[in-house]
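User: I have a model open and would like to go through it. Where shall we begin?
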Amino acid sequence: MPYPPIVDPRFPARLRELRTARGWSLRELARRAYYGKSQLHDLEASRARPTVEAARRLDDVLEAGGTLAALVVEAPTVTTPDDDQRIAYVIAAPSRLDAATVRTLAETLAAQRRLDDVLPAPVMLPWSVPQWHTVQTLAEQAGGPHAAELHEVVAEWTQFIGWMYAEGRQGDAATRVLIEAARQADAVDSGTLAAQVENFRGYLERQRGNPRGIVRHFLAAYQTPGATALQRVGDAVQAAHGYALLGDPGSARRLLGEASDLTEAAEAETAPAAAYWLTPTFSRMGIGLTYLALGDRAAAEDNLRAGLDSLPPHQREAEWTLEYREALSGDDR
């Protein structure tokens, strides 16, 4: 599917700020950038979307040092023209769903997941949500032998959208979508997806500062039949963090011990697609938060540093790592 550029919602306001800081009218900027005044007005009023080329041009003219250019990026190229034609055909005739279309949609979702590691959720959501709605509608109407495979892709896509709402601190939307994701995970009989939904809901409760909710959802994830050992290690660690925050160090240390017992099995696993970021060392960050809540700053720092250092370079500044980086720096308010 051909996608327009991904535009950060802050672009219109930033463009206006940079223009007015120079004391330029829309007419003056239009003259210098060789754009129409009405085009620029529509960009500042959010009535038009900038192209990558326009963002770079305006950045140069305003001498913004890359600020504007960074707010408009090309969408990843996942599909070929033949893929796009096939998808358009299947959307028009859902009963013609084939294996190649399902595979292409799964690859598109995988590309979005990895893009989420480098772009903030508010940038991704306006671009990803319409695609999710399109694929959901297709799944509702599709028939034939490949419909079940498409429902699995949709269940994972719904979960991903719920995660992004959570990452973007839109808690009500995240909860609503993740409840639907849990229903879809059960419908496709996926323990992996069902456990990951509970994991994301536990993350939401951590954002809200609700230790009891942290324990409730991460324990549910930990105990979900069909969850992988890699998932269960992380869920046990994060449930332990909730217990530590509740002032129950005994339960926290018990769960840390259970997580340690699972480590050998986890090391032999490949991370599931729905939780591709999991590694045997990923949970060291969660262990660090737990030790921090238990009052052991030295152990907390050792584990936080080990977990962050084990991440691929492109993930180390991801939005979801902020809580770990702040905890390591001592900003653990």
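Analyst: A definition comes first: helices (H or I, at least four residues) and strands (E, at least two) are DSSP runs, numbered from the N terminus. The protein chain has 16 helices and two strands. This is a predicted model, in which local features need pLDDT of at least 70, side-chain atom pairs count only at pLDDT 80 or more, and totals for chains, interfaces and linings use all residues. Residues are numbered from 1 along each chain as its sequence is written, and side-chain values use heavy atoms, with hydrogens and water left out.

User: What does the C-alpha trace span along its principal axes?
Analyst: The span is about 70 × 55 × 30 Å.

User: And how much of the chain is buried?
Analyst: Of the 333 residues, 52% are buried, meaning under 20% relative accessible area with a 1.4 Å probe, protein chains only.

User: Changing topic, what is the volume of the second largest pocket?
Analyst: Its volume is about 220 Å³, the space filled by probe spheres set on the grid points. A pocket is an open set of points on a 1 Å grid where a 1.4 Å probe fits, with protein on both sides within 12 Å along at least five of seven lines; lining residues have an atom within 4 Å of a point.

User: Which residues lie closest to its centre?
Analyst: Among the 14 lining residues, these are Glu152, Glu156, Leu193, Ala273 and Ala274.

User: Which helix gives the most to that lining?
Analyst: Helix α6 does, with five residues. At least two residues each come from α6 (99–115), α8 (147–167) and α10 (191–208).

Terms used. Buried means under 20% relative accessible area, exposed over 50%, partly exposed in between (1.4 Å probe, protein chains only).
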